[in-house]
Each structure stands twice: as C-alpha cells, then as structure tokens.
Amino acid sequence: MTTRLLIIEDDDALNQMLQLHFEEQGFLVEGTDRCAEGLDRIRASAYDLLLLDQQLPDGKGIDLLHSIGEESLNQSVIMMTGQHDLELAIEAIKLGAADFIHKPVKLGELQHVVERVLENQRLSREVKALQSSDVEPKAHQDLIGRGEAMLQVSKEIALSAGSNATVLITGESGTGKEVVARLIHTHSGVAGPFVAINCAAIVDTLLESELFGHEKGAFTGASERKQGKFELAQDGTLFLDEIGELAPPLQAKLLRVLQEQTFERVGGSQQIRSSARIIAATHRDLFAEAAAGRFREDLTYRLKVISIHLPPLRERLEDIPLLTEALVARIARKIHKPAAQLTDATLAALKGYDWPGNVRELENLLTQALVHARGNVLTPDLLLFRQQGSTGSPPTTSGSGTTPVERTLDEVEAEHIQRVLDHTGGHKGNSCEILGISRPALDRKIKKYDLTLP
C-alpha cells in the first residue's frame with residue numbers, strides 16, 4: 001500500500017527537498033506552507049503521516065497538533081522545529097505527536113524516524129483490534145537542558161507518562177533521577193501524590209515499616225498503626241530511589257507487590273491493594289548486581305519495563321549555562337539573596353570541570369558561591385573547585401595541600417556545611433533551609449564530620 005505523506009513547511013527549499021526525497025522512497029507526497037490549508041486537507045482526507053513545522057506564517061504547529069487531537073482526526077505527526085525546546089518536545093508528544101526532531105533536518109535520521117513511526121502504526125492497529133486506547137493526559141513543566149541527550153530524555157518522559165508501566169531510571173549519583181521521576185508523575189496527570197523514599201538512607205529494620213507500614217504492637221516502639229509509603233502513594237507515584245541498595249528480604253516482598261498489587265503491614269495480615277505506580281532509580285547496573293548474587297534478576301525485569309538513562313553532566317556541558325542560570329535563581333530565593341550573574345570566566349571554569357557529583361555537586365558549589373558573594377556577580381574565586389584561568393594562577397588548595405579536585409565528596413561536603421554554619425552564625429534552621437536537608441540530617445552530619453558551631 002502506498003504511504004500518503006503531507007508536509008507542512010514554509011521553507012520552500014526544505015519542503016521541495018523533502019517531497020523529492022520521499023517520492024523517491026515510493027511515498028505519495030503533498031506539500032503546503034500554511035496551518036489552515038493543512039488542517040483542511042487532513043479533514044478532507046487521512047494521511048499516513050504528517051511532517052509538521054512549528055513556526056508557520058499563519059500559526060504554530062503545536063496549535064495545529066492540538067486541533068488535530070481536538071477533532072479526533074487520528075493523524076500521526078512528526079514535529080519539526082529549529083528550537084531546542086524540551087518543553088515543546090514534551091507538549092508535542094503529549095498532544096499525540098509520534099516524534100519530535102529539530103533542524104537542520106538530517107535526511108538519514110528523518111528517514112529512520114519515519115520508518116519507525118510507520119512500523120509502530122502497524123503494530124498499533126493490531127493492538128487496537130483487541131482493546132481501546134487510553135487518552136493521554138496533558139501536563140506542563142520545564143526540564144532544564146537543551147542538548148541532544150536531554151531532548152532524548154524529554155521524549156522518554158513524555159512516552160513514559162502515557163502508561164502505568166514501571167520505570168527504572170539509571171544514571172550516576174546527582175544526575176537528577178528524582179527530577180525525572182517527578183516529571184513523569186506530573187505529566188501522567190494521576191490523582192494521587194508523588195511519594196519518594198531513599199532505600200539507602202534508612203536501615204533495613206526500619207525500611208520495611210517505612211514502605212509497608214506497621215500495626216500497633218508489631219515491634220517495640222510501635223505504639224500505633226502507621227501507614228507506609230505504598231498506602232500514602234495510592235493512586236499516585238511511589239519513587240524508590242537507590243533501589244539497588246534494597247536488602248534481599250525486602251526485594252522479595254517488593255517483587256510480590258509488583259506481581260500481585262497487594263501487601264500487608266508489618267505485624268498485620270490484612271491484604272492491602274496497591275494502586276501506586278512504581279518508579280525506581282539506581283546508579284548501579286542491576287543485571288550485573290543480579291549476576292553477582294546481590295539483586296534478584298526477576299525483580300530487575302519487573303522494575304525495568306521502561307528504562308530511562310540520565311547522562312552525566314560531563315557529557316552535556318553545553319547545558320551548564322542554562323542549568324546554572326536556573327540553579328542560581330532557585331538558590332537565591334532559598335537563601336534570600338538577589339540572583340547573581342556569572343562572568344564568562346566563571347562559566348568557562350564550570351565547563352572545564354569533570355563534575356563527578358553531577359548536577360547535585362553543581363548546585364552545592366553554586367550555593368557556596370552565592371553564600372560568600374558580596375556583590376551581584378559570581379567570579380571564579382568564589383568557586384570551591386576553582387579552575388586554572390587565563391592568568392595562569394594555579395588552582396586553590398585545601399589545608400592539606402591537595403587540590404580540591406583530589407578531595408573526596410565527604411571532604412567537600414564537610415567544608416561546605418561548615419561554611420554554611422559559619423554564614424548563619426550556627427543557626428540550624430537557616431542552615432537547613434540553605435542546605436535543603438532536615439534538622440536530624442544536619443545534626444548527623446555535624447556529628448559525622450565533627451563540625452563546630454560558631
């Protein structure tokens with residue numbers, strides 16, 4: 001069967017080039033440069049595929065995409081735009097676009113996308129013969145980053161949000177796995193809350209109670225019934241961070257919940273149904289952990305129905321200016337200071353660093369710099385990891401004579417917390433607000449690092 005393709009693109013040269021290319025592939029191709037004419041053609045006759053530009057003389061492609069959905073025209077669309085706009089990519093896919101590519105258009109890449117969309121159409125028709133499709137909910141939220149890597153992540157977020165399948169987010173510590181989990185939840189449009197728990201931050205004996213709750217008298221100190229995270233996340237999303245650290249007994253219990261959607265509180269026998277969607281995250285390779293006998297392989301398969309990998313910051317340095325701008329604004333609000341501007345030398349220093357702690361380390365470094373800034377400009381000398389600049393001055397060193405890059409994350413964290421304590425005059429409440437941690441967590445870190453209060 002001949003594939004019918006409609007191209008809506010106001011760049012005449014690009015429109016003609018695309019028409020010629022796909023005609024050579026055996027497609028029946030038509031072209032226009034207006035939203036209104038394109039909509040009229042779709043209303044009159046269905047196309048197998050639509051290539052749609054975002055910026056058109058009589059409107060925006062995203063608005064036409066919305067109209068296609070509103071009128072239930074059942075049209076497969078590939079959006080094209082010159083903007084590296086992750087928010088637009090998410091919105092387009094949520095409105096029903098099959099994919100999203102940016103200009104300049106690479107014919108090989110476009111051909112691959114078109115073939116994949118057409119194959120998915122064929123499979124979708126087979127599925128629809130057995131069941132009706134759900135209407136995808138709409139959501140709207142920013143994702144920081146405009147590079148190729150984060151554009152791909154944004155696509156995965158949008159596609160994941162359209163189902164209730166379990167998602168496994170992988171990536172190094174500090175890459176923003178919880179941010180992605182929250183975006184999936186937001187774009188899913190579910191009625192329940194987003195509930196997060198770090199499986200590595202709670203001892204095993206307490207983690208079971210935190211996850212599943214407990215009955216009164218279940219153990220010493222259990223003076224009343226407590227709901228666990230699974231109950232609190234009903235009809236919402238339960239985010240299990242650092243899932244690779246889960247102890248074997250809890251792995252078995254989690255597997256049962258995923259299989260049967262039921263669980264019991266600790267010390268109880270009542271079957272409680274779970275309606276929470278599970279999103280898990282880890283910096284480990286769970287299949288490698290399973291091969292080593294540290295993680296259940298069957299649980300790994302249950303968790304990795306959909307997989308999203310977050311690239312480390314060192315692999316997307318082009319996002320640092322945008323990330324820095326957003327982080328500085330957020331930090332400034334938190335510590336009640338005006339947002340500062342970064343000099344070109346400061347940005348160059350940030351781009352020249354390897355970022356073993358990823359975005360979390362960047363946020364901590366910028367917090368430290370803003371706390372010590374005396375004006376509205378952040379200069380390289382305010383950075384904890386000062387880079388060698390054009391003046392040829394060597395990197396700063398710690399008291400031990402080692403460069404900051406050679407220090408451990410514990411040493412960096414200890415120094416940063418001490419500086420914040422000094423800045424607040426030892427006020428733990430203000431220090432917790434700046435650091436973004438709880439009072440008990442701050443007390444533990446003060447004891448762990450033997451810090452002093454002014």
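A residue is called buried when its relative accessible area is under 20%, exposed when it is over 50%, and partly exposed in between (1.4 Å probe, protein chains only). Helices (H or I, at least four residues) and strands (E, at least two) are DSSP runs, numbered from the N terminus. The model is predicted: local features need pLDDT of at least 70, side-chain atom pairs count only at pLDDT 80 or more, and totals for chains, interfaces and linings use all residues. Residues are numbered from 1 along each chain as its sequence is written, and side-chain values use heavy atoms, with hydrogens and water left out.

Strand β3 is described first. Five of the five residues of β3 are buried, so the strand is largely enclosed by the rest of the structure. In a regular strand the side chains alternate between the two faces of the sheet. In β3 both faces are covered: Leu-49, Leu-51 and Asp-53 are buried on one side, and Leu-50 and Leu-52 are buried on the other. Two strands count as paired if DSSP finds at least two bridges between them. Strand β1 (residues 4-8) pairs with β3 in the parallel sense over four bridges, and Leu-5 has Leu-49 of β3 as its bridge partner. Strand β6 (residues 77-81) also runs parallel to β3 and is joined to it by four bridges; here Leu-51 is partnered by Ile-78 of β6.

The loop between β3 (49-53) and β4 (55-56) holds Gln-54. Gln-54 counts as buried because its relative accessibility is 4%. A polar contact is a pair of N or O atoms within 3.5 Å; within protein, one must be able to donate a hydrogen and the other to accept it, and residues adjacent in sequence count only if both atoms are side-chain atoms. A polar atom of the Gln-54 side chain lies 3.0 Å from the backbone nitrogen of Ile-62. Contact in general means heavy atoms within 4.5 Å. With neighbours within four places in sequence left aside, the residues in contact with Gln-54 include Gly-59, Lys-60, Gly-61, Ile-62, Met-79 and Leu-88.

A nonpolar core is a set of buried Ala, Val, Leu, Ile, Met, Phe, Trp, Tyr and Cys residues joined through side-chain atoms within 4.5 Å. The largest such core has 39 residues, and those with the most contacts inside it are Leu-50, Leu-52, Leu-65, Met-79, Ile-169 and Val-180. A second, separate core of 37 residues includes Val-371, Ala-373, Leu-382 and Cys-432. Cys-432 counts as buried because its relative accessibility is 8%, and Cys-199 is likewise buried, at 2%. A search of the whole structure for disulfides (pairs of cysteine sulfur atoms within 2.5 Å) finds zero.

An open sheet is formed by five strands in the order β9-β10-β13-β8-β14, with parallel pairing. Its edge strands, β9 (194-198) and β14 (306-309), each pair on one side only. From one strand to the next, the twist averages 20°. Axes are lines fitted to C-alpha atoms, for helices over the stretch in contact, and angles run from 0 to 180 degrees between N-to-C directions. Within the sheet, β10 (residues 237-241) and β13 (residues 277-282) run parallel and are joined by four bridges; Phe-239 has Ile-279 of β13 as its bridge partner. Helix α6 (residues 148-161) lies across β8 (167-170), β13 and β14, and runs at about 155° to β14.

In helix α8 (residues 204-212), the residues Leu-207, Ser-209, Leu-211 and Phe-212 are buried. The buried residues of α8 pack against β9, α9 (229-232), β10, α10 (248-260) and β11 (262-263).

Most residues other than glycine have a negative phi, and most peptide bonds are trans. His-336, which is not a glycine, has a positive phi of about 60°. His-336 is in the loop between α13 (320-335) and β15 (341-342), and it counts as exposed because its relative accessible area is 63%. Asn-358 also has a positive phi, near 60°, but is placed in helix α15 (residues 358-372). At 0% relative accessibility, Asn-358 is buried. The peptide bond from Lys-103 to Pro-104 is cis, with omega near 0°, and Pro-104 is in the loop between β7 (99-102) and α5 (107-128).
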